[in-house]
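Please consider the sequence and the model shown here. The account that follows moves from the fold of one chain to the contact between two chains.

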2 protein chains.
Amino acid sequence: MSGSIRLYVTAPLSAGSEVQTTAQQAHYLGTVMRRRAGDPLALFNGRDGEWLARIEAIRRNHASLIVDRRLRGQAPEPDLWLVFALLKRDATDLVVQKATELGAAAIRPVITTRTNAARVNLARLAAIAIEAAEQSERLTVPELHQPQPLDALLASWPTGRRMIIAVERTHAPQIAPLQGPAALLVGPEGGFDPAELETLRAHPFVTACSLGPRILRADTACIAGLALLQAR
Amino acid sequence: MSGSIRLYVTAPLSAGSEVQTTAQQAHYLGTVMRRRAGDPLALFNGRDGEWLARIEAIRRNHASLIVDRRLRGQAPEPDLWLVFALLKRDATDLVVQKATELGAAAIRPVITTRTNAARVNLARLAAIAIEAAEQSERLTVPELHQPQPLDALLASWPTGRRMIIAVERTHAPQIAPLQGPAALLVGPEGGFDPAELETLRAHPFVTACSLGPRILRADTACIAGLALLQAR
């Protein structure tokens with residue numbers, strides 16, 4: 001991270017356009033980062049690339065920004081989903097932050113047979129993902145989904161997207177990069193229920209893979225798996 | 001994780017030998033895990049492999065264990081160090097836990113030009129590493145070192161050990177597995193000071209590598225880097 005500021009906004013970005021910040025963004029710019037009118041920052045919205053902008057006016061709970069010129073065009077990003085058995089709050093927060101840094105296009109918590117959690121605060125997770133996207137210099141924010149039963153997700157699985165399951169104590173090959181739309185599926189801390197794993201493996205789009213000889217916590221498996229799936 | 005218990009002990013392990021637990025281990029066995037005399041568990045000490053044992057007697061703050069038979073021999077593990085610019089407490093805790101799961105042989109915090117932390121509670125970090133080793137089915141616990149200045153570590157760098165530096169915004173090749181003794185070096189959140197990076201790169205044992213197109217937090221870089229260095 002450098003001292004430069006990047007903000008995610010929802011407004012369209014083009015040369016000369018004006019963008020209004022949220023109250024939180026104005027607080028961050030003015031109070032936390034001590035920025036003043038005239039100071040530069042970068043903006044992205046997930047569609048129009050990254051733009052240089054300047055603060056036109058700033059008050060305690062509102063700032064106006066003027067967009068200057070494009071710094072980077074919107075480039076293709078990995079079409080990689082993270083599907084994970086919902087974890088406790090702190091571990092879920094960690095997974096959302098790290099998956100965003102590691103470029104996941106969508107983050108989809110699921111409820112498996114041995115999952116003990118069922119709810120998330122999607123607004124809080126979105127704030128974590130936006131902050132991680134801003135800091136990691138991503139040009140997008142991952143899609144965040146409400147938790148759903150694993151069965152339901154499998155029943156509506158899109159044609160052409162591979163699913164790589166991280167399985168423990170297996171002789172399966174280690175997770176390695178692959179072409180095209182993909183998803184990493186990480187099970188709960190207790191592992192998949194055997195019948196559930198069998199159902200999963202019967203799907204033609206599913207491949208079971210290893211994350212190495214040790215037993216990883218679920219949050220570690222999400223992070224290591226996403227890194228390995230994008231190794232070059 | 002399964003419901004089985006693994007404990008790290010320092011005593012020698014051989015068939016028929018008796019092992020005395022610490023008070024914390026007895027509390028964990030009896031109060032947390034509700035184990036009783038006669039119940040099985042696995043033991044490892046980093047030298048003699050993994051052994052099946054049974055609880056001979058258990059009280060609130062002490063338990064005696066009898067070692068039965070060897071489950072696994074002591075196998076070679078990756079000779080991979082993690083060297084990282086010391087982070088704040090929570091991030092350092094996370095790095096120690098995850099680096100242990102990912103098989104790091106030694107964990108060496110260093111003080112760089114832009115490092116803002118200087119001290120660690122080595123006993124607390126050791127407890128985190130031991131718990132992570134127990135849960136990850138490792139047969140060793142990583143060596144934990146006190147923080148030292150990066151310069152001092154470089155001055156005493158062992159012959160034959162490569163150092164891979166994770167560098168941001170570079171065209172260097174991505175981190176990939178390598179043979180022989182190695183170390184991953186991850187800099188502070190603000191990145192290495194330019195002069196410091198130049199000094200580092202002048203060492204013949206140093207190779208600068210990339211962790212991909214995004215800017216990762218330092219803790220994420222430690223985890224992703226260790227995973228990639230051990231990709232098969």
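The paragraphs below treat the sheet of chain B, then a helix that lies across it, and finally the contact between chains A and B.

The model is predicted. In chain B, five strands make up an open sheet with mixed pairing, and their order across the sheet is β1-β3-β4-β5-β2. At its edges lie β1 (6-8) and β2 (18-20) of chain B, each of which pairs on one side only. On average, neighbouring strands of this sheet are turned by 40° against each other, when direction is ignored.

Within the sheet, strands β3 (residues 40-44) and β4 (residues 50-59) of chain B run antiparallel and are joined by five bridges. A residue-level view of this region is given by Leu43(B), whose bridge partner in β4(B) is Trp51(B).

Helix α1 (residues 23-32) of chain B lies across β1, β4 and β5 (62-72) of chain B. Relative to β5(B), helix α1 of chain B runs at about 80°.

The remaining topic is the contact between the two chains. Chain A contributes 25 residues to this contact, and chain B contributes 25 residues. On the side of chain A that touches chain B, the elements giving two or more residues are α2 (89-101), α3 (122-136) and α6 (218-229) of chain A. The largest share of that side, five residues, is supplied by α6(A).

Note on methods. Residues numbered from 1 in each chain as written. Chains lettered and ligands numbered in written order. Predicted model: local features only at pLDDT ≥ 70, side-chain atom pairs only at ≥ 80, totals over all residues. Pairing = 2+ DSSP bridges. Helix = DSSP H or I, 4+ residues; strand = E, 2+ residues; numbered from the N terminus. Axes fitted to C-alpha atoms, helices over the stretch in contact; angles between N-to-C directions. Contact = placed C-beta atoms within 7 Å.
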